[in-house]
Each structure stands twice: as C-alpha cells, then as structure tokens.
Amino acid sequence: MNRQQEHGLDKTLQTHLNQFLSQYGESGLKEALHQYVCLQQDYICKTKNTTIRIKSSDIYYLEIKGHTIHIHTNHGTYKKYGSLSHELKLLSRYHFIKCSQSCIVSLEKIRTIQNNDIILTNDKILHMSRNCAPKVLMAISGKENIQPP
C-alpha cells in the first residue's frame with residue numbers, strides 16, 4: 001500500500017469514527033470496544049482430563065452444585081471443580097453478575113426480569129435472590145459498572 005492509499009484509508013477511518021462519535025458519543029465508543037473485546041475472550045474450562053476453550057460470549061450462566069460448576073453455553077453444558085466466587089472474579093469484566101448464591105449470569109444473555117425470575121435469551125428461567133436483585137437490576141439498566149467482588 002502506498003502513502004496516498006494509506007492517507008485515504010486514514011481519512012475514511014477518521015470520517016467513520018467522527019460519525020460514530022457524533023451519533024453515540026465517547027461512552028458509546030467505549031461500550032462498543034468493550035463488547036468487541038468481550039467477544040474475543042476465551043474462558044478456559046479445565047478438568048482433570050481435558051481443557052476446553054469457550055468463548056465468554058457463548059456462556060449463558062454458571063451454577064454450582066456441591067463443588068461442581070456447571071457452565072451452560074450455546075453448545076451444551078460443561079462441568080468442572082471449583083468455586084463460584086473464583087469464576088465470578090474471572091468473568092465479571094465480561095458482564096457476568098451473581099444472581100443467587102449458586103448462580104452467575106451473563107448480562108448479555110438476559111432477555112427479561114419478571115419479579116424474581118431472570119428469563120434468558122434461550123428461554124431458560126433462573127431464580128434471582130432478593131439479596132442479589134438490586135445489583136442485577138442496576139446492572140441490567142446500565143447504571144452500574146460491574147466490578148469484581
């Protein structure tokens with residue numbers, strides 16, 4: 001690519017960026033970049049015998065039963081040994097939040113909240129505890145940045 005082509009590309013890019021910023025603002029750009037980063041992130045699921053890469057954007061929710069974590073995705077359910085608090089620390093930056101003592105959910109996969117039920121985009125219904133409800137409701141309405149506990 002020669003310098004004229006590079007300059008033309010830079011101008012085109014600058015024009016598109018200015019249009020985006022005028023329509024969505026700086027916060028819209030930050031959110032778009034965050035969404036892009038989240039789509040690229042892999043969650044590593046390690047068991048005794050296997051290691052599986054799962055796109056964080058493919059995960060609906062994680063639940064714990066005993067010491068076994070069940071990772072529910074577009075492609076099925078995976079199981080591993082661990083603690084939910086450790087998984088939340090790993091996934092909170094990708095818009096996951098605790099919705100009950102035994103469950104964390106992707107905010108991106110929530111379709112509706114009715115009373116204490118969270119209805120996901122795959123029609124699965126999760127219970128939301130009264131303790132977790134205020135933080136989930138604030139996060140889903142976009143008024144709070146999710147931070148690791």
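## What you're looking at

Residues are numbered from 1 along the chain as its sequence is written. Because the model is predicted, local features need pLDDT of at least 70 and side-chain atom pairs count only at pLDDT 80 or more, while totals for chains, interfaces and linings use all residues; side-chain values use heavy atoms, with hydrogens and water left out.

## The overall layout

The protein chain has three helices and 10 strands. Here, helices (H or I, at least four residues) and strands (E, at least two) are DSSP runs, numbered from the N terminus. Starting at the N terminus, the elements read α-β-β-β-β-β-α-β-β-β-β-β-α.

How much of the chain is buried? Of its 149 residues, 33% are buried. For a residue, buried means under 20% relative accessible area, exposed means over 50%, and partly exposed is in between (1.4 Å probe, protein chains only). The accessible surface of the chain is about 10,000 Å², and carbon and sulfur atoms account for 50% of that. These areas come from the Shrake-Rupley method with a 1.4 Å probe, and for residues only the protein chains shown count as cover.

## Helix α2 and its buried face

Take a look at helix α2, residues 84-91, where Leu-84, Glu-87, Leu-88 and Leu-91 are buried. Looking down the axis of α2, you'd find its buried residues within an arc of 105 degrees, so they line one face of the helix. That arc is taken from the directions running from the helix axis to the C-beta atoms.

What do these buried residues pack against? Their partners are the strands β1 (42-46), β3 (59-65), β4 (68-73), β5 (76-81), β6 (96-100) and β7 (103-106). Contact means heavy atoms within 4.5 Å.

Strands of a sheet pair through backbone hydrogen bonds, either parallel or antiparallel. In this model, three strands make an open sheet in the order β8-β9-β10, with antiparallel pairing. β8 (110-114) and β10 (125-127) are at the edges with a single partner strand each, so one side of each has no neighbour in the sheet. On average, neighbouring strands of this sheet are turned by 25 degrees against each other, direction ignored. The axes behind that angle are lines fitted to C-alpha atoms, for helices over the stretch in contact, and angles run from 0 to 180 degrees between N-to-C directions.

Four bridges join β8 to β9 (residues 117-120); two strands count as paired if DSSP finds at least two bridges between them. Gln-114 sits opposite Asp-117 in β9. Asn-115 lies in the loop between β8 and β9, and it counts as exposed because its relative accessibility is 75%.

## Charged pairs

Side chains of opposite charge can pair when their charged atoms come close. The structure holds three salt bridges, each a side-chain nitrogen of Lys or Arg within 4 Å of a carboxyl oxygen of Asp or Glu. In one of them, Lys-65 pairs with Glu-63, with the closest N and O atoms 3.9 Å apart.

Glu-87, from the buried set in α2, forms a salt bridge with Lys-80 at 3.3 Å between the closest N and O atoms. Glu-87 counts as buried because its relative accessibility is 1%, and Lys-80 is buried too, at 12%.

Asp-123 and Arg-111 form a salt bridge as well, with 2.6 Å between the closest N and O atoms. This pair links distant parts of the chain, 12 residues apart: Asp-123 is in the loop between β9 and β10, and Arg-111 is in strand β8. Asp-123 counts as exposed at 52% relative accessibility, whereas Arg-111 is partly exposed at 46%.
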